[in-house]
Amino acid sequence: MSQKISENCFHCGQKIDKEKILFDEKLFCCNGCKSVYEILSLNHLGNFYELNKQSGIRPDENSTQFDYLDTPEIFEKLTDFSEGNTSLITFKIPVIHCSSCIWLLESLHTLNKNIHYSQVHFTKKTLQISFNHHELKLSELAKFLTNLGYKPVISLETAEKKEEHLDKSLLIKLAIAGFAFGNGMFFSYPEYAQEIMGTSDFWMEKYKHLFRLIMFLLATPVVFYSASGYFQSAWFGLKNKIVNIDVPIVLGIIMLYGRSIYEVLTDFGPGYFDTLCGLLFFMLLGKVFQKRTYNALSYDRDYKSFYPIAVTKVDFEGKQNNILLSELKIGDRIMVRNQEIIPVDSILINGDGNIDNSFITGESSAIFKKPGDKIFAGGKQIGAVLELEVIKNVDQSYLTQLWNKEAFKKAETGLDTMVNKISKYFTFIILGITLATGIYWSRIDFEKMFQVVAAILIVACPCALALSSPFTFGHTMRILGRQKFYVKDTLTIEKLAKINTLVFDKTGTITHNKKSQIEYKGIDFQEVDLQNLKSLLKNSNHPLSKSLYEFLEIEDGYFPVENFVETSGKGYEADVRGNHYRIGSASFVGENAENLETAVYIKKNETVLGKFVFKNEYRENLAEMFSQLNDYQIDILSGDNASEENALREIAPKVAEMRFNQSPENKLNYIKELQDRNLKPAMFGDGLNDAGALKQSNVGIAVADDTNAFTPSSDVIMNGEKLPEIRKYLDMSKDAVNIVKLMFLISFLYNVVGLSLAVMGKLSPLICAILMPMSAISVVALTSLLTWLRSVKYFKL
């Protein structure tokens, strides 16, 4: 049913100039919009229109065909990951512009069953999608997005990562505004001087109209080009029924520009063209500063080289060295052990790969790999050690993006939520104050009203409020990172400040990984068994296995390990050169533990050969560390028996609870117990057997020694040598939160004082334009100073 009438489309909000389509008692401008509405309605996603009633994008029904995307070479170049049934691709989608766009694009899995998940990076206008490429071709996925109104921009260049720079158009706008401001002041000065001195000049009277025309010509491009970003932002907001902070700024600009034209045309006065140019110059200067600040703090999902991930490199003689991931080159050989993350796209050289890609795809399914197969970065090996050859340059931002995936985040809000709530009502309050002040001044001094109203609209700005939180926490992240305490995101700093309970795993956390007094008890080993054990031990990441590998002085023969299986918290078994070995606890090899001791038992085929007894060496300065943590509840968990309970109580006399023989499930349940008692625990562990507890805790802290094990379930990864200094990190986090709160107070006072003076008519719009960026600059300078002073106090920087 159609008829010719001008209406607005229910989906995209555009005017219907030609035919209108009536469906479900709603009007649509084309079949594309109608189809999108049907898809959303059938999948119970009608909330899209409740969020923003005119946020839809009109579908391009004549979109370019995407069939070329199914060409194998193109597919391989564009996709980030492709394994089994799952592929991962990142699209550039420029039309993403509001919250409802994000909501819809992150709900794609409800619209199409072959889409596993989708994630929007709003500032980069990108969309990452995980999908089943056997059921949904890449070309069909691109067409699906296009029909929804979000056509991806695809070129082979988008597959290559490029460094982003500050938008040059913003600098051009600033330059134009600066040129107009400087010259506008030059042409307006004679008239101002004449007015101040109360004299009349013949030449000034003769040329003042020319000067005013020149000022108008200078101001016009500033208003319509330099200020275009403010107009666009305000228009998008109003179009989507959101009154953002740019709305009062635009009203102020229009008011000054319109009033100036009126004064010039009626010969009432010179207007405020120079003031307007100065106003926009200083506002754009503040915008450049703010943009540079946010670029410097863009940790969100791509902070490169912030966390120095280490990897085990193998040379051609078989020697192993731990190097930084950033030092890897194409052609290098690396070793990946059981439960370790593959750090870079590689070819499998030796070993049987059993790759769990759940870290990338969100699906728990292991894929078998044989020598010669390609393995993608982000997969996790389950089984024997692998030797890989690097085939692609390292993209560390890809791993940190995976670390920040929603699957590994805990649902918790922070101070940014408070900022958003304040900003939501800020504009309405300012508009209300402006209206009331405008009415008052129109009765007192109508001419002055324009300047007073413009001053109010410009001076009130939550920019400083919005900057204080990300800048303080971002700066704190940098400082902590330099101290080998690598924080996942800014919210983690807030959570650290709220912690009241510290739970420590024993082995590999408060003990050294490799420094242990080891004694062997049992049958004398034959050389062949020692060589086999050496080859088997390197497959495990467990701290005791690492210690034992270093303890055995025989040379590693790098013999192939087959049928490797590790039972978390108990031990592992495998075949080496025709013999079956079991390495682990007494119960794992079928023995009864005779004494309270930390021991690793060795079983060959059906014979228990003996055991290695460990007397752990604790990290230095632990007693001092625990004495500094008196205001926290301290708990210690261990998978070992209680043989070292007395030694632990000497080190930590005020420990609240100590539990031994704890399985990974026991540790996880203990964290839940604490949380059920309304405590906020931080868990310290090695990131392997403690992964569940680390993820469950309010803050999971993975403690690493010589190798910086990449642990996605943790919120923090710290160097083991820095553990005794944990009090400094906790206090630094608390201070960061207090600094943010202080900045909130200062920003609030700035707005109160600025608004009060503007309402009283004591501030001109030009002064307000200077004050607005100055408030942001002062907040950033002050928070930098305070954060630096706290870092000097704790870390002597």
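The protein exposes about 36,400 Å². Carbon and sulfur atoms supply 55% of that area. Keep in mind that this is a predicted model. The protein has 797 residues, and 53% of them count as buried.

Next, the fold. There are 26 helices and 30 strands in the protein. What about contacts between residues at least 6 apart in sequence? Of these, 67% join residues at least 24 apart.

Now the aromatic rings. How many aromatic pairs are there? The count comes to 19. Take F181 and F281 from that set. Their ring centres are 6.1 Å apart, and their planes meet at 25°. Planes under 30 degrees apart count as stacked, so this pair is stacked. Where do the two residues sit? F181 is in helix α7, which covers residues 168-197. F281 is in helix α11, residues 273-296. Is F181 buried or exposed? Its relative accessible area is 16%, and the limit for buried is under 20%. So F181 is buried.

Here is another pair: F186 with F187. Centre to centre, the distance is 5.3 Å. The angle between the planes is 75°. Over 60 degrees counts as edge-to-face, and that is the label for F186 and F187.

F216, F224, Y257 and F273 form one aromatic cluster.

R577 lies over the face of F559. There, the distance to the ring centre is 3.6 Å.

Where is it? K667 belongs to helix α23, residues 664-676. Is K667 buried or exposed? Its relative accessibility is 5%, so K667 counts as buried. Which residues does K667 touch, leaving out those up to four places away in sequence? They are D505, L637, G639, Q662, D690 and A693.

Technical notes: Residues are numbered from 1 along each chain as its sequence is written. This is a predicted model: local features need pLDDT of at least 70, side-chain atom pairs count only at pLDDT 80 or more; totals for chains, interfaces and linings use all residues. Side-chain values use heavy atoms; hydrogens and water are left out. Rings of Phe, Tyr and Trp (its six-membered ring) pair if their centres lie within 6.5 Å; planes under 30 degrees apart count as stacked, over 60 as edge-to-face and the rest as tilted. Helices (H or I, at least four residues) and strands (E, at least two) are DSSP runs, numbered from the N terminus. Buried means under 20% relative accessible area, exposed over 50%, partly exposed in between (1.4 Å probe, protein chains only). A charge sits over a ring if NZ of Lys or CZ of Arg is within 6 Å of the ring centre and within 35 degrees of the ring normal. Contact means heavy atoms within 4.5 Å. Accessible areas come from the Shrake-Rupley method with a 1.4 Å probe; for residues, only the protein chains shown count as cover.
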